[in-house]
Amino acid sequence: MTFSAMTDASEDAQDKLASVLGDAMAFVTNEVIVLARLEEFFSPKPAQLADSEESRKALQERVDKLSETLGGPPRLIIHCTNEPKPHYDTYADAALDEALTLFHRARVSVTRAHMFLVGSGMHERMPDALNPPPDKEFRELLLKRVNAAFWEHAETSFIRLASYWDRIGQLLDFVFFGIRQYERDGFPAVMDRIQNNWSAVDPILRGMDAWKALRSFQTSEQICGLKWLLRRRNLLIHSMRLRPIEPNDEDPLFDSAFNHLDSALRKKLAPGSMQEELNNIHEHLANAAAQLPNVLSVLEHAAEIAFRPYPKKVQPFIPPGAAR
């Protein structure tokens, strides 16, 4: 990073640059700290994959064991001198890491959105506590920018939450079908393929509470369901941005042809208030965390069938659901 263009600038300009750089450094440095401190007072609190050190270790051990079952490296490798290096398949480990990382990135987006909603509320209800600028128009512009930042972070939250389920689909596609080139099929397509090809012949999978819970979430069109989340994600990526709905002008200056984007905003995207949208992203973050044990249970079942180790000379075929 250079600011060579400023070397010959006036002393006043250089002082302004130094001041704004100081503010930028403070903002970048403090954001993580402020988010962590403020999160303690959030209601609702952003969901986590584990709520204690003990449960975090248990989750990590479960993920590590699943990765090893799928051909990944064990956490402890003993390699003797002059022996060939062991060979492991790290794809499943990388796919698991992608899914868990996406959850945490989505969680950060949710906490940012929550922080900006808090900031917006303070600007509206306690403006004097924030040493506001004396210019009324500037104060209104500042509040508008804070509100716009909330909608941006809420939009990012929805996109990342939907992307988390894409990563889960990537895992399922590999474990059930050995597919590594995951580019077009989404989580629902993989779930439907498992339903049609595995569940129909595997009574164990078909009867698992974990599988039923995943299917229920996948096929739900309620606001808390995956169909609603994916439909919103697709609109945000391909068509429009998330923003509040402005009231219709009852006496416009001109007649307008039918506006498809405005209609889609009002009917398909149908954003609610800032508080309602915050509740939605919190609910979907909580769903992502609550469904992870179900995902792992389904993966463990498939891994036991498809990746069960045998002596090298004997590789019997065991159809799904057959007695073992």
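The axes of helix H1 (residues 11-39) and helix H3 (91-125) come within 10 Å and cross at roughly 80 degrees. That makes H1 roughly perpendicular to H3, a label for angles of 65 to 115 degrees. The axes here are lines fitted to C-alpha atoms over the stretch in contact, with angles from 0 to 180 degrees between N-to-C directions. Helices are DSSP runs (H or I, at least four residues) numbered from the N terminus.

All this comes from a predicted model, where local features need pLDDT of at least 70, side-chain atom pairs count only at pLDDT 80 or more, and totals for chains, interfaces and linings use all residues. Residues are numbered from 1 along each chain as its sequence is written, and side-chain values use heavy atoms, leaving out hydrogens and water.

So who meets whom? On the H1 side there are Glu 31, Val 34, Leu 35, Leu 38 and Glu 39, and on the H3 side Arg 107, Thr 111, Arg 112 and Met 115, with contact meaning heavy atoms within 4.5 Å.

Moving on to helix H8 (residues 226-238), its 13 residues reach 18 Å from first C-alpha to last, close to the 18 Å expected (1.5 Å times one less than the number of residues). Its buried residues (under 20% relative accessible area, 1.4 Å probe, protein chains only) are Leu 226, Trp 228, Leu 229, Leu 230, Arg 232, Arg 233, Leu 235 and Leu 236. Helices H4 (136-177) and H10 (274-306) are among the elements covering them.

Trp 165 touches Leu 226 and Leu 229, among others including Phe 187 and Val 295.

Note on methods: Helices (H or I, at least four residues) and strands (E, at least two) are DSSP runs, numbered from the N terminus. Buried means under 20% relative accessible area, exposed over 50%, partly exposed in between (1.4 Å probe, protein chains only). Angles under 35 degrees count as roughly parallel, over 145 as roughly antiparallel, 65 to 115 as roughly perpendicular and the rest as oblique. Lists of a residue's contacts leave out its neighbours within four places in sequence.
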